[in-house]
Amino acid sequence: MKRKQRTEILIEGSHELAKSLANEIEQKYSVSVLQEPEQGLVMLKVRETSRKSLFYLGEVLVTECKAKVEGKIGIGIVKGDHQDLAYHLAVIDAAFLGDLPETKPWAGILEIEKYYIDQKRKAKNEEILRTKVSFETMDV
Amino acid sequence: MGYVAVKGGTQAIEESIKRLKYERLHKEQVLETGQIEAGMRGLIDQVMSESSLYNEKLAALAIKQAEGNPEEAVFLLRAYRSTLPRKYCSNIIETGEMKVERRISASFKDIPGGQILGATTDYTHRLLDFNLMKETEESVSEWLSNYALENRTIEMLQHASEFVLPKVLDYLRKEGLIPPLENNDAEPDDVTRESLEFPSSRSQRLQILTRGETGAVTSLAYAVIRGYGALHPTVGELRVGNLPIYVGHPNEEGNDEDEYYIGDIKTTEAEMLMPFMAEKEKGKKELEFEIGYGLCFGQNETKAIAMGILDNCLEHPDNSFPSHNEEFVLLHIDSVESTGFISHLKMPHYVTFQSKLDSVRKTKAKAEEQEEVQAYE
């Protein structure tokens, strides 16, 4: 599973999942933290739809951590102040970069989590769709 | 006349700061930041937008410290922001990817995907609800379970799937009513890194408008519609929803699938349609549309619409109207700059004022002297 999809699942899903996957790596390998979780900013570059040009919308607070496992440096970065999650994400990122055998069964676990995320999103969309207008033309 | 340093107010200042704390605390109620975050969504969104820093928890803390005063809260957040390192710039955010929670058009009734009202005060009676004074945690829980129950019933009936909401502008572009455009990927300017110079770039204008003070942006846009401008806008599409944010690896060259998802942010986007008569070949004139663009943090619809109006004004400079003058608009809508300058008038100006007073006294004395001389002659 590619990084884009797995980071979305790990951030939008239960943070306990990221914790348990990172713990699995910690138990078998030596993890060195190169950068403790710290706050920083990400500047947001947006395309406007009038001229289709780019501009900066503002900055979002993030927590970033860097961890090394088996010679590979992983990065964990998440919106908001989430020190533990940033560390767990960094360990998982390093594990995937090192193609560690433990990561092989993770795809299935992440797919299951994705299913729950999709169900939640679907339920939310259904709630929102209750506010959709059903126009009727009036006879005047 | 320059400024001179004076001293002697240290103790008074210390006591004044204590007095400020007393004003916040003397009713012996501790306002938790979680409560502000949960119940003051509008103020949180306004403060995040004007401070140009997206984080609800910090916004709630700033609001608490500022006792609900938005200008002070924005000042606190801007100051805090300046202490943090900028770690990344996001990959380009395309607003078509917004997870929509509300989407309406005032121009087209039957937009593809429909009009979705979402959460809005637009259709509420503006009557004070005194029941809120008696609201309890039990009554809140009861309301929430009833709401969830209603939605479960609907879920069984509808089985609605993911939203796929095409943009109204794309629809108009396909129809040929708005000319098609290619993406312009030129790197934007950043007003937080380089001072604004005139003439400004489009990216500078949009950045200043989106972080502008909500009231100032709204007032100037209102003036445009009342006649101090040359526009007749309509809301083409207004969207509120969450935009996903991705960043690339700092060292690796990878494809889109290798980027990091870091979370999403709630934004409001307004695409304003401005009709105008375009000159065609052989003196023919045709009605066409231009688009004014507004996008800001949070659910902040009035500001996004007003930004869209001012964006289009500034694309058409016209010194007959202050609202079409980029210096007038861009240099006066920033919360920290405007409130800071007005507020600084409270600071001691003894020397400046004394020198003016001296001038008045001297002028008066001279005039009296001349009168006396004339009387003697």
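Predicted model: local features only at pLDDT ≥ 70, side-chain atom pairs only at ≥ 80, totals over all residues.
Let me start with one residue. B:Lys99 has 17 C-beta neighbours inside 10 Å, so this lysine counts as partly exposed.

Where does B:Lys99 sit? The residue belongs to strand S4 of chain B, residues 99-104. Next, its contacts. Setting aside neighbours within four places in sequence, B:Lys99 touches B:Gly241 and B:Asn242. B:Asn242 is also its bridge partner, in S5(B). There is a further pair to point out. B:Leu165 is 66 residues away from B:Lys99 in sequence, yet the C-alpha atoms are 9.4 Å apart.

Now widen the view to the sheet. S4(B) pairs with strand S5 of chain B, residues 234-247. That pairing is antiparallel and runs over five bridges. The whole sheet is open and has four strands. Its order is S4-S5-S6-S7 in chain B, and the pairing is antiparallel. Which strands form the edges? They are S4 and strand S7, 285-297, of chain B, and each pairs on one side only. On average, neighbouring strands of this sheet are turned by 20 degrees against each other, direction ignored.

Two helices go with this sheet. One comes from the other chain. Helix H1 of chain A, residues 3-12, packs on the sheet and touches S5 and S6 of chain B. Helix H7, residues 168-175, lies across S5, S6 and S7 of chain B. H7 runs at about 115 degrees to S5(B).

That brings us to the interface between the chains. How many residues does each chain put in? Chain B gives 67 residues, and chain A gives 49 residues. On the chain B side, strand S6, residues 260-279, has the largest share, with six residues. By type, the chain B side divides into 30 nonpolar, 17 polar and 20 charged residues.

Strand S2 of chain A, residues 54-69, joins strand S1 of chain B, residues 53-54, through two bridges. These two strands run parallel. Within this part, A:Val60 stands opposite B:Tyr54 of S1(B).

Next, the domains of chain B. There are two in the assignment: domain 1 covers 10-81, and domain 2 covers 95-121 + 165-339. Their C-alpha centres lie 29 Å apart. The contact between them takes twelve residues from domain 1 of chain B and 13 residues from domain 2 of chain B. Which helices supply the domain 1 side? Helix H3, 41-51, and helix H5, 70-81, of chain B each supply at least two residues. H3(B) gives the most to that side, with six residues. The domain 1 side divides into five nonpolar, three polar and four charged residues.

Last, confidence. Chain B averages a pLDDT of 91, and 96% of the residues score at least 70. For the complex, the predictor gives an ipTM of 0.97 and a pTM of 0.93.

Technical notes. Residues numbered from 1 in each chain as written. Chains lettered and ligands numbered in written order. Buried ≥ 20, exposed ≤ 12 C-beta atoms within 10 Å, placed from the backbone. Contact = placed C-beta atoms within 7 Å. Nonpolar A, V, L, I, M, F, W, Y, C, P; charged D, E, K, R; others polar. Pairing = 2+ DSSP bridges. Axes fitted to C-alpha atoms, helices over the stretch in contact; angles between N-to-C directions. pLDDT = per-residue confidence, 0-100. Domains from an automatic or database assignment.
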